[in-house]
Amino acid sequence: GVTLAGVQAAANDAGLAFPLSLASEGSCTIGGNLSTNAGGTAVLRYGNARDLVLGIEVVLADGSVLDLARSLRKDNTGYDLRHLFIGAEGTLGIITAASLKLFPRPRTVETAFIAVPQLEAAVKLLGRLRAATGDAVTSFEFLPRNETGAEFLRNIHCFNLSAALSFGIPVGDVPSVVDQPRLILAIARDLYREGVDVAVHERFIGTPLVAPSPAPYERAVAT
């Protein structure tokens, strides 16, 4: 079967994107991704594998072929049997073909490390970012300092958690490419004014850091 990386490359050649992304994307197949309902790094915005497929073809245990390979975005006719097989790990049938959803390719992607004092602050940060970007946040990961060897986190002494986030803005969406780093900083400043001691790592944001108050940022940001 076709690999996930092969699908991504074909979408890219057409000026589009297939957002499912895994560490094993060079070897894993689309059939396996659908059979396990793979998640990947972009679930926050695009959902699991089942959210990225329009239709499938399945071979049942008796050798018969079940054709569910529709490609309509809106299809409210009868039972949606594809979801019985997606995530069933091959126990009900083997997925042999699929119609996949493609998306506009982001014209730019910004990535930032933002240090926060507790988990609740990270959740608030995520909510602010999703609202400000039109729900364009692609990924958002919590990195407990005591469970990672990242040099950035080893240099932070006043925070327990960091949030690694990235978001892509497709052509025609806002905010503009230039404004994305500025937007992250603005949200961080707003949270700081509300009493949340946050810090943005300037190495990962591509713009000079302008803090509302230098002290906590100088204390937290690795240089």
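Leu20 touches Leu4, Gln8, Asn33, Ala38, Gly39, Ala49 and Leu52, leaving out residues up to four places away in sequence; a contact here means heavy atoms within 4.5 Å. The model is predicted, so local features need pLDDT of at least 70 and side-chain atom pairs pLDDT 80 or more, while totals for chains, interfaces and linings use all residues. Residues are numbered from 1 along each chain as its sequence is written, and side-chain values use heavy atoms, with hydrogens and water left out.

**Nonpolar cores**

- The largest nonpolar core has 22 residues, of which Leu4, Phe18, Leu20, Leu34 and Ile56 touch the most other members.
- Helix 1 (4-13), helix 2 (30-35) and strand 2 each supply at least two residues of this core.
- A second, separate core holds 15 residues, including Ile114, Leu129, Val137 and Ile184.
- A nonpolar core is a set of buried Ala, Val, Leu, Ile, Met, Phe, Trp, Tyr and Cys residues joined through side-chain atoms within 4.5 Å.
- Buried means under 20% relative accessible area, exposed over 50%, and partly exposed in between, with a 1.4 Å probe and protein chains only.
- In soluble globular proteins, nonpolar side chains tend to be buried together.

**Whole chain**

- The chain has 8 helices and 9 strands; helices (H or I, at least four residues) and strands (E, at least two) are DSSP runs numbered from the N terminus.
- Of the 223 residues in the chain, 39% are buried.
- Among contacts with a separation of 6 or more, 63% join residues 24 or more positions apart.

**Sheet 3-2-4**

- Three strands form an open sheet in the order 3-2-4, with antiparallel pairing; two strands pair if DSSP finds at least two bridges between them.
- Strand 3 (65-68) and strand 4 (94-100) are the edge strands, each pairing on one side only.
- Neighbouring strands of this sheet are turned by 15° against each other on average, direction ignored; the axes are lines fitted to C-alpha atoms, for helices over the stretch in contact, and angles run from 0 to 180 degrees between N-to-C directions.
- Strand 2 (residues 53-59) pairs with strand 3 in the antiparallel sense over 4 bridges, and Val65 in strand 3 is the bridge partner of Val59.
- Strands 2 and 3 form a hairpin with 5 residues between them, and Gly63 in the turn has a positive phi of about 90°.
- Ser99 lies in strand 4 and counts as buried at 17% relative accessibility.
- Beyond its neighbours within four places in sequence, Ser99 is in contact with Val53, Leu54, Gly55, Ala69, Arg70 and Ser71.

- Most residues other than glycine have a negative phi.
- Asn37, in the loop between helix 2 and helix 3 (43-46), has a positive phi near 50°.
- Asn37 is buried, with a relative accessible area of 18%.
- Glu89, in the loop between helix 4 (82-85) and strand 4, has a positive phi of about 55°.
- Glu89 is exposed, with a relative accessible area of 60%.

**Confidence**

- The mean pLDDT of the chain is 75, and 70% of its residues reach 70 or more; pLDDT is the predictor's confidence in each residue, from 0 to 100.
- Over residues 169-178 pLDDT stays under 50, and the model has 26 contacts beyond four places in sequence for them.
- Over residues 204-223 pLDDT also stays under 50, with 46 such contacts in the model.
- Where pLDDT is low, the predicted coordinates should not be read in detail.
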